Amino acid sequence: MTHARQHPIQVVAHRGASEDAPEHTLAAYKKAIEDGADALECDVRLTADGHLVCVHDRRVNRTSNGRGAVSALELAELAALDFGSWKNRDEAPDWEIGPDTSVLTLERLLELVADAGRRVELAIETKHPTRWAGQVEERLLMLLKRFGLDAPESAEESPVRVMSFSARSLQRVRTVSPTLPTVYLMQFVSPRLRDGRLPAGVRIAGPSIRIVRNHPAYIERLKKADHQVHVWTVNEPQDVDLCVELGVDAIITNRPRAVRHQLGH
Ligand code: G3P
Ligand code: CA
(Lines give C-alpha, C1' and ligand atoms only; values in the text may rest on other atoms or scores of the structure.)
(Ligands and ions follow the chains in the order given, each with its own letter.)
Protein backbone atom coordinates (compact mmCIF):
# COMPACT_ATOMS: atom_id res chain seq x y z
CA MET A 1 0.00 0.00 0.00
CA THR A 2 1.19 3.53 -0.70
CA HIS A 3 0.40 6.32 1.72
CA ALA A 4 -1.11 9.33 0.00
CA ARG A 5 -4.75 10.13 0.58
CA GLN A 6 -6.31 10.86 -2.80
CA HIS A 7 -9.54 12.72 -2.13
CA PRO A 8 -10.72 15.25 0.46
CA ILE A 9 -13.92 13.21 0.98
CA GLN A 10 -13.26 9.50 1.08
CA VAL A 11 -15.71 7.18 -0.65
CA VAL A 12 -16.04 4.01 1.40
CA ALA A 13 -17.73 0.96 -0.13
CA HIS A 14 -20.19 -0.34 2.47
CA ARG A 15 -19.96 -4.15 2.56
CA GLY A 16 -18.24 -3.75 -0.84
CA ALA A 17 -20.11 -2.43 -3.87
CA SER A 18 -23.13 -3.98 -2.22
CA GLU A 19 -25.80 -2.40 -4.38
CA ASP A 20 -24.45 -4.30 -7.39
CA ALA A 21 -22.92 -7.45 -5.91
CA PRO A 22 -23.71 -9.66 -2.92
CA GLU A 23 -22.53 -7.88 0.24
CA HIS A 24 -19.32 -8.95 2.01
CA THR A 25 -18.17 -11.21 -0.85
CA LEU A 26 -14.98 -10.98 -2.85
CA ALA A 27 -17.18 -10.14 -5.84
CA ALA A 28 -18.48 -7.05 -4.02
CA TYR A 29 -15.03 -5.93 -2.86
CA LYS A 30 -13.39 -6.50 -6.25
CA LYS A 31 -16.17 -4.43 -7.83
CA ALA A 32 -15.64 -1.68 -5.23
CA ILE A 33 -11.93 -1.54 -6.05
CA GLU A 34 -12.73 -1.45 -9.78
CA ASP A 35 -15.25 1.32 -9.10
CA GLY A 36 -12.48 3.37 -7.52
CA ALA A 37 -13.55 3.27 -3.86
CA ASP A 38 -10.98 4.87 -1.55
CA ALA A 39 -11.80 2.39 1.22
CA LEU A 40 -13.78 -0.77 1.92
CA GLU A 41 -16.08 -1.27 4.91
CA CYS A 42 -16.62 -4.73 6.38
CA ASP A 43 -18.23 -6.27 9.44
CA VAL A 44 -16.37 -9.06 11.20
CA ARG A 45 -17.64 -11.94 13.35
CA LEU A 46 -15.98 -14.91 14.97
CA THR A 47 -16.80 -18.43 13.76
CA ALA A 48 -17.16 -21.35 16.19
CA ASP A 49 -13.54 -22.29 15.47
CA GLY A 50 -12.18 -18.78 15.94
CA HIS A 51 -11.85 -17.35 12.41
CA LEU A 52 -12.89 -13.81 11.58
CA VAL A 53 -15.34 -13.75 8.69
CA CYS A 54 -17.05 -10.84 6.96
CA VAL A 55 -20.76 -11.22 7.70
CA HIS A 56 -23.17 -8.53 8.85
CA ASP A 57 -26.03 -10.44 10.47
CA ARG A 58 -25.75 -12.67 13.51
CA ARG A 59 -27.16 -15.49 11.38
CA VAL A 60 -26.32 -16.51 7.82
CA ASN A 61 -29.99 -16.97 6.85
CA ARG A 62 -30.46 -13.72 4.89
CA THR A 63 -27.28 -13.76 2.82
CA SER A 64 -26.68 -17.45 2.17
CA ASN A 65 -28.43 -20.73 1.49
CA GLY A 66 -27.59 -21.90 5.03
CA ARG A 67 -29.09 -21.36 8.45
CA GLY A 68 -27.77 -20.62 11.90
CA ALA A 69 -25.55 -18.23 13.80
CA VAL A 70 -22.06 -17.52 12.47
CA SER A 71 -20.76 -18.14 15.98
CA ALA A 72 -22.20 -21.68 15.94
CA LEU A 73 -20.68 -22.65 12.57
CA GLU A 74 -17.11 -23.63 11.76
CA LEU A 75 -15.28 -22.04 8.84
CA ALA A 76 -15.49 -25.26 6.80
CA GLU A 77 -19.28 -25.30 7.25
CA LEU A 78 -19.54 -21.67 6.18
CA ALA A 79 -17.26 -22.34 3.21
CA ALA A 80 -19.77 -24.90 1.90
CA LEU A 81 -22.50 -22.23 1.66
CA ASP A 82 -23.45 -19.99 -1.26
CA PHE A 83 -23.39 -16.30 -0.25
CA GLY A 84 -24.28 -15.02 -3.72
CA SER A 85 -27.51 -16.50 -5.04
CA TRP A 86 -29.77 -14.53 -2.70
CA LYS A 87 -28.88 -11.32 -4.53
CA ASN A 88 -31.23 -10.32 -7.31
CA ARG A 89 -29.60 -11.44 -10.58
CA ASP A 90 -32.17 -9.95 -12.97
CA GLU A 91 -29.79 -7.33 -14.33
CA ALA A 92 -27.12 -9.64 -15.81
CA PRO A 93 -24.51 -9.05 -13.11
CA ASP A 94 -20.81 -9.25 -13.83
CA TRP A 95 -20.20 -11.68 -10.96
CA GLU A 96 -20.66 -15.46 -10.95
CA ILE A 97 -21.63 -17.87 -8.20
CA GLY A 98 -18.37 -19.54 -7.19
CA PRO A 99 -15.22 -18.78 -5.21
CA ASP A 100 -15.92 -15.03 -5.28
CA THR A 101 -19.32 -15.50 -3.62
CA SER A 102 -18.37 -17.94 -0.86
CA VAL A 103 -17.81 -16.83 2.71
CA LEU A 104 -15.06 -14.22 2.93
CA THR A 105 -12.49 -14.34 5.70
CA LEU A 106 -10.95 -11.10 6.89
CA GLU A 107 -7.58 -12.62 6.02
CA ARG A 108 -8.59 -13.00 2.36
CA LEU A 109 -9.92 -9.44 2.31
CA LEU A 110 -6.61 -8.16 3.68
CA GLU A 111 -4.82 -10.06 0.88
CA LEU A 112 -7.11 -8.49 -1.71
CA VAL A 113 -6.35 -5.01 -0.39
CA ALA A 114 -2.60 -5.75 -0.25
CA ASP A 115 -2.72 -6.76 -3.93
CA ALA A 116 -4.93 -3.89 -5.10
CA GLY A 117 -2.02 -2.04 -6.74
CA ARG A 118 -3.10 1.27 -5.20
CA ARG A 119 -3.92 2.51 -1.72
CA VAL A 120 -7.24 1.06 -0.63
CA GLU A 121 -8.12 1.62 3.01
CA LEU A 122 -10.07 -0.76 5.19
CA ALA A 123 -12.72 0.19 7.78
CA ILE A 124 -13.33 -2.91 9.89
CA GLU A 125 -16.38 -3.02 12.16
CA THR A 126 -16.39 -5.36 15.17
CA LYS A 127 -19.86 -6.87 15.45
CA HIS A 128 -21.27 -7.77 18.88
CA PRO A 129 -17.84 -7.64 20.47
CA THR A 130 -19.26 -7.50 24.01
CA ARG A 131 -20.38 -11.11 23.68
CA TRP A 132 -16.83 -12.31 23.14
CA ALA A 133 -15.01 -10.56 25.98
CA GLY A 134 -12.13 -9.32 23.87
CA GLN A 135 -11.67 -12.29 21.53
CA VAL A 136 -12.84 -10.42 18.42
CA GLU A 137 -10.35 -7.62 19.01
CA GLU A 138 -7.58 -10.06 19.94
CA ARG A 139 -8.01 -12.03 16.71
CA LEU A 140 -8.32 -8.86 14.71
CA LEU A 141 -5.10 -7.42 16.06
CA MET A 142 -3.26 -10.73 15.54
CA LEU A 143 -4.34 -10.75 11.91
CA LEU A 144 -3.43 -7.10 11.38
CA LYS A 145 -0.04 -7.81 12.90
CA ARG A 146 0.54 -10.59 10.37
CA PHE A 147 -0.02 -8.02 7.62
CA GLY A 148 2.10 -5.37 9.36
CA LEU A 149 -0.94 -3.16 9.91
CA ASP A 150 -1.39 -3.26 13.68
CA ALA A 151 1.02 -0.50 14.67
CA PRO A 152 1.01 2.36 12.16
CA GLU A 153 3.41 5.24 12.79
CA SER A 154 0.44 7.54 13.15
CA ALA A 155 -3.33 7.36 12.86
CA GLU A 156 -3.16 9.63 9.79
CA GLU A 157 -0.94 7.16 7.95
CA SER A 158 -2.89 4.05 8.85
CA PRO A 159 -4.67 2.36 5.94
CA VAL A 160 -6.82 0.46 8.46
CA ARG A 161 -9.30 1.74 11.03
CA VAL A 162 -11.50 -0.11 13.47
CA MET A 163 -15.14 0.88 13.91
CA SER A 164 -17.69 -0.11 16.51
CA PHE A 165 -20.91 0.89 18.23
CA SER A 166 -19.14 -0.32 21.38
CA ALA A 167 -16.77 2.21 22.97
CA ARG A 168 -15.37 -0.68 24.99
CA SER A 169 -14.38 -2.59 21.87
CA LEU A 170 -12.54 0.48 20.56
CA GLN A 171 -10.85 0.93 23.92
CA ARG A 172 -9.57 -2.67 23.78
CA VAL A 173 -8.09 -2.01 20.35
CA ARG A 174 -6.39 1.21 21.46
CA THR A 175 -4.93 -0.40 24.56
CA VAL A 176 -2.95 -2.81 22.37
CA SER A 177 -2.51 -0.58 19.30
CA PRO A 178 -2.64 3.07 20.38
CA THR A 179 -1.94 4.45 16.91
CA LEU A 180 -4.63 2.47 15.11
CA PRO A 181 -7.50 4.89 14.36
CA THR A 182 -10.90 4.06 15.84
CA VAL A 183 -14.36 5.19 14.77
CA TYR A 184 -17.25 5.46 17.22
CA LEU A 185 -20.44 4.53 15.37
CA MET A 186 -23.68 6.19 16.41
CA GLN A 187 -27.29 5.44 15.64
CA PHE A 188 -28.44 8.26 17.92
CA VAL A 189 -26.63 10.97 19.84
CA SER A 190 -26.30 10.07 23.48
CA PRO A 191 -27.08 13.05 25.76
CA ARG A 192 -23.63 12.94 27.34
CA LEU A 193 -21.97 13.38 23.91
CA ARG A 194 -24.21 16.16 22.55
CA ASP A 195 -21.51 18.77 23.01
CA GLY A 196 -19.38 17.06 20.33
CA ARG A 197 -17.15 15.00 22.62
CA LEU A 198 -16.41 11.35 21.78
CA PRO A 199 -15.42 8.48 24.10
CA ALA A 200 -11.87 8.99 25.42
CA GLY A 201 -9.20 8.44 22.77
CA VAL A 202 -11.57 8.27 19.79
CA ARG A 203 -10.92 10.85 17.05
CA ILE A 204 -13.46 9.79 14.43
CA ALA A 205 -17.26 9.96 14.72
CA GLY A 206 -19.42 7.60 12.69
CA PRO A 207 -22.96 9.03 12.74
CA SER A 208 -25.81 7.58 10.69
CA ILE A 209 -27.15 9.68 7.82
CA ARG A 210 -30.33 10.07 9.87
CA ILE A 211 -28.35 11.92 12.55
CA VAL A 212 -26.78 14.11 9.87
CA ARG A 213 -30.18 14.97 8.37
CA ASN A 214 -31.87 15.66 11.70
CA HIS A 215 -29.01 17.27 13.62
CA PRO A 216 -26.67 19.10 11.24
CA ALA A 217 -25.60 21.38 14.11
CA TYR A 218 -24.26 18.32 15.92
CA ILE A 219 -22.04 17.51 12.92
CA GLU A 220 -20.74 21.08 13.04
CA ARG A 221 -19.94 20.62 16.75
CA LEU A 222 -18.00 17.44 15.98
CA LYS A 223 -16.00 19.28 13.32
CA LYS A 224 -15.36 22.17 15.68
CA ALA A 225 -14.07 19.71 18.26
CA ASP A 226 -11.60 18.60 15.55
CA HIS A 227 -13.12 15.18 15.01
CA GLN A 228 -13.31 13.51 11.63
CA VAL A 229 -16.84 12.56 10.59
CA HIS A 230 -17.52 9.35 8.64
CA VAL A 231 -21.21 9.02 7.71
CA TRP A 232 -23.16 5.82 6.94
CA THR A 233 -25.00 4.69 4.87
CA VAL A 234 -25.29 7.41 2.24
CA ASN A 235 -26.99 6.27 -0.95
CA GLU A 236 -29.23 9.19 -2.00
CA PRO A 237 -27.79 12.08 -4.07
CA GLN A 238 -29.38 14.72 -1.81
CA ASP A 239 -27.69 13.10 1.21
CA VAL A 240 -24.34 13.18 -0.59
CA ASP A 241 -24.91 16.92 -1.17
CA LEU A 242 -25.71 17.43 2.50
CA CYS A 243 -22.52 15.60 3.52
CA VAL A 244 -20.48 17.82 1.18
CA GLU A 245 -22.15 20.94 2.57
CA LEU A 246 -21.30 19.92 6.13
CA GLY A 247 -17.72 19.03 5.24
CA VAL A 248 -17.73 15.40 6.34
CA ASP A 249 -14.55 13.38 5.81
CA ALA A 250 -15.90 10.06 4.56
CA ILE A 251 -19.08 8.86 2.91
CA ILE A 252 -19.88 5.21 3.46
CA THR A 253 -22.12 3.98 0.64
CA ASN A 254 -23.45 0.88 -1.12
CA ARG A 255 -22.91 2.77 -4.44
CA PRO A 256 -19.24 3.85 -4.54
CA ARG A 257 -19.20 4.47 -8.28
CA ALA A 258 -22.27 6.74 -8.28
CA VAL A 259 -21.04 8.70 -5.26
CA ARG A 260 -17.57 9.18 -6.75
CA HIS A 261 -19.20 10.43 -9.92
CA GLN A 262 -21.35 12.90 -7.96
CA LEU A 263 -18.29 14.15 -6.05
CA GLY A 264 -16.36 14.55 -9.30
CA HIS A 265 -13.60 12.12 -8.26
O1 G3P B 1 -20.33 1.72 8.46
C2 G3P B 1 -21.12 1.62 9.59
C3 G3P B 1 -22.38 0.86 9.29
O4 G3P B 1 -22.04 -0.26 8.52
C5 G3P B 1 -23.05 0.45 10.56
O6 G3P B 1 -24.27 -0.22 10.34
O7 G3P B 1 -25.64 -2.21 10.36
O8 G3P B 1 -24.56 -1.53 8.25
O9 G3P B 1 -23.20 -2.48 10.10
P10 G3P B 1 -24.42 -1.67 9.74
CA1 CA C 1 -21.06 -2.28 9.20
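Two strands pair if DSSP finds at least two bridges between them. By that rule, strands E4 and E5 pair in the parallel sense over four bridges. Helices (H or I, at least four residues) and strands (E, at least two) are DSSP runs, numbered from the N terminus.

Before going on, the conventions. This is a predicted model, in which local features need pLDDT of at least 70 and side-chain atom pairs count only at pLDDT 80 or more, while totals for chains, interfaces and linings use all residues. Residues are numbered from 1 along each chain as its sequence is written, and chains are lettered from A and ligands numbered from 1 in the order in which they are written.

How many residues of E5 are buried? Five of its five. Buried here means that 20 or more other C-beta atoms lie within 10 Å of the residue's own; exposed means 12 or fewer, partly exposed is in between, and C-beta atoms are placed from the backbone. In a regular strand the side chains alternate between the two faces of the sheet. In E5, Val160, Val162 and Ser164 point one way, Arg161 and Met163 point the other way, and all are buried.

Next, the helices, starting with H4. Helix H4 covers residues 135–146, which is twelve residues. From first C-alpha to last it reaches 17 Å, close to the 16 Å expected at 1.5 Å a residue, where the expected span is 1.5 Å times one less than the number of residues. Its buried residues are Val136, Glu137, Leu140, Leu141, Leu143 and Leu144. They cover an arc of only 160 degrees around the axis, so they sit on the same side of H4. The arc is that of the directions from the helix axis to the C-beta atoms. An α-helix has 3.6 residues a turn, so residues three or four places apart point the same way. Met142 and Arg146, on the other side of H4, are exposed.

What do the buried residues of H4 pack against? The list is strand E2 (39–46), strand E3 (52–54), helix H3 (106–114), strand E4 (121–126), strand E5 (160–164) and helix H5 (167–176). Contact is judged by C-beta atoms, placed from the backbone, that lie within 7 Å. Just after H4, glycine 148 takes a positive phi of about 70 degrees.

H5 has Ser169, Leu170, Arg172 and Val173 buried. Their arc around the axis is only 155 degrees, which puts them on the same side of H5. The buried residues of H5 pack against E4, H4, E5 and E6.

Helix H7 covers residues 216–224, and its buried residues are Tyr218, Ile219 and Leu222. These cover an arc of only 100 degrees around the axis, which puts them on the same side of H7. On the other side of H7, Ala217 and Lys224 are exposed. The buried residues of H7 pack against strand E7 (204–207), helix H6 (209–214), strand E8 (228–231) and helix H8 (237–246).

Now the backbone exceptions. Most residues other than glycine have a negative phi, and most peptide bonds are trans. Just after H7, aspartate 226 takes a positive phi of about 70 degrees. Arginine 15 has phi near 60 degrees, and its place is in the loop between strand E1 (10–14) and helix H1 (26–34). Histidine 24 also has a positive phi, of about 60 degrees, and is in the loop between E1 and H1. Arginine 15 counts as buried because it has 26 C-beta neighbours inside 10 Å. Histidine 24 counts as buried because it has 26 C-beta neighbours inside 10 Å.

Which peptide bond is cis? The one from tryptophan 232 to threonine 233, with omega near -25 degrees. Threonine 233 is found in the loop between E8 and H8.

Conventions. Contact = placed C-beta atoms within 7 Å.
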